[in-house]
Amino acid sequence: MKVMAAGLTDVGCVRRSNEDSLGLSPELHLYIVADGMGGHAAGEVASRMAVQLIKEFFSSPEITEQTEEMKLARAVNFANQKIHEAGEKDPALNGMGTTVVTVLARPEQVLIGFVGDSRVYLHHQNKIQQLTQDHSLVNEYVRKGLLTPEAAERHPLKHVISRALGTSPAVEVETLRRSPESGDTLLLCSDGLSNKLTFEEMNAILSKTGDNLEKACSSLVEKAKEKGGEDNITVILIGYR
Ligand code: CA
């Protein structure tokens with residue numbers, strides 16, 4: 001099976017700066033989306049650092065972790081620690097943080113590590129499903145049965161995340177493993193996309209565009225902008241063919 005990928009980030013229609021970052025490193029099988037937060041330029045710094053530091057970790061020949069999950073969790077923790085330290089040192093960057101989804105997409109297996117509310121979806125046989133569970137306040141309520149998923153979608157505190165990279169010295173990384181099938185496409189995105197497109201809209205675009213992942217990325221971003229584009233929009237598509 002061949003693994004192909006494309007990615008796109010867009011400032012959107014309202015904001016002046018783009019605090020999202022994305023990383024595509026096919027040579028490392030590594031794909032990253034990060035959505036930064038913090039005053040002034042701090043969000044941009046945090047998301048960019050997350051992408052660079054995770055790449056740096058995987059480029060190091062001295063990784064000794066026993067399993068890929070442990071390696072992935074350590075890479076994200078490495079980034080967390082460095083972002084946290086940078087925020088502590090520089091008052092202008094104090095309190096900065098970022099979400100992150102990191103995907104190791106090997107031909108035989110997919111490994112996902114994530115923190116926050118950026119998401120990974122799987123498009124499989126013309127159906128789309130969300131693989132990650134948001135680390136957000138409202139989703140914690142959904143998981144506990146205190147809120148329905150429908151009520152969570154409309155909740156005024158929907159944007160409040162319960163875990164982020166960089167805001168504290170240590171972070172808990174959630175990991176998932178999948179066996180990809182030919183025809184599958186993984187969609188990684190920031191909430192600037194997931195808040196705007198319904199499952200049906202994502203599914204329609206991915207089912208129609210097939211192997212042209214660049215075009216599918218543009219169509220997804222355009223759709224989010226058509227519907228307001230209030231936030232920064234970032235998407236990576238990874239296709240198994
Ligand atoms: Ca965002």
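In the hairpin formed by β2 and β3, four residues lie between the strands, and H29 adopts a positive phi near 60°. Strands here are DSSP runs of E of at least two residues, helices are runs of H or I of at least four, and both are numbered from the N terminus. The model is a predicted one, in which local features need pLDDT of at least 70 and side-chain atom pairs count only at pLDDT 80 or more, whereas totals for chains, interfaces and linings use all residues. Residues are numbered from 1 along each chain as its sequence is written, and side-chain values use heavy atoms, with hydrogens and water left out.

H29 is located in the loop between β2 and β3. Its positive phi of about 60° occurs although the residue is not a glycine. Most residues other than glycine have a negative phi. The relative accessible area of H29 is 26%, so this residue is partly exposed; buried denotes under 20% relative accessible area, exposed over 50%, and partly exposed the range in between (1.4 Å probe, protein chains only). A positive phi near 60° is also found in N126, likewise a residue other than glycine, and N126 lies in the loop between β7 and β8 (127-130).

D35 belongs to strand β3 and D231 to the loop between α7 (213-226) and β11 (233-240), so the pair ties together parts that are 196 residues apart in sequence. D35 and D231 are both buried.

Strand β7 (residues 119-124) contains H123. This histidine is buried, with a relative accessible area of 5%. Its side chain makes a polar contact of 3.0 Å with the side chain of N203; such a contact is a pair of N or O atoms within 3.5 Å, where, within protein, one atom must be able to donate a hydrogen and the other to accept it, and residues adjacent in sequence count only if both atoms are side-chain atoms. Leaving aside residues up to four places away in sequence, H123 touches I128, G183, D184, T185, N203, L206 and S207, contact being defined as heavy atoms within 4.5 Å.

No disulfides are present, a disulfide being a pair of cysteine sulfur atoms within 2.5 Å. For C13, the closest cysteine sulfur is that of C189, at 16 Å, which is too far for a bond. For C189, the closest is that of C217, at 11 Å, again too far for a bond. C13 is partly exposed at 44% relative accessibility, whereas C189 is buried at 0%.

Overall, the protein comprises seven helices and 11 strands. Its radius of gyration is 17 Å, close to the 18 Å that the globule rule gives for 241 residues, so the protein is as compact as a globular protein of that length. The radius is taken over C-alpha atoms, and the rule is 2.2 Å times the number of residues to the power 0.38. Of the 241 residues, 50% count as buried.

Note on methods
Pairing = 2+ DSSP bridges.
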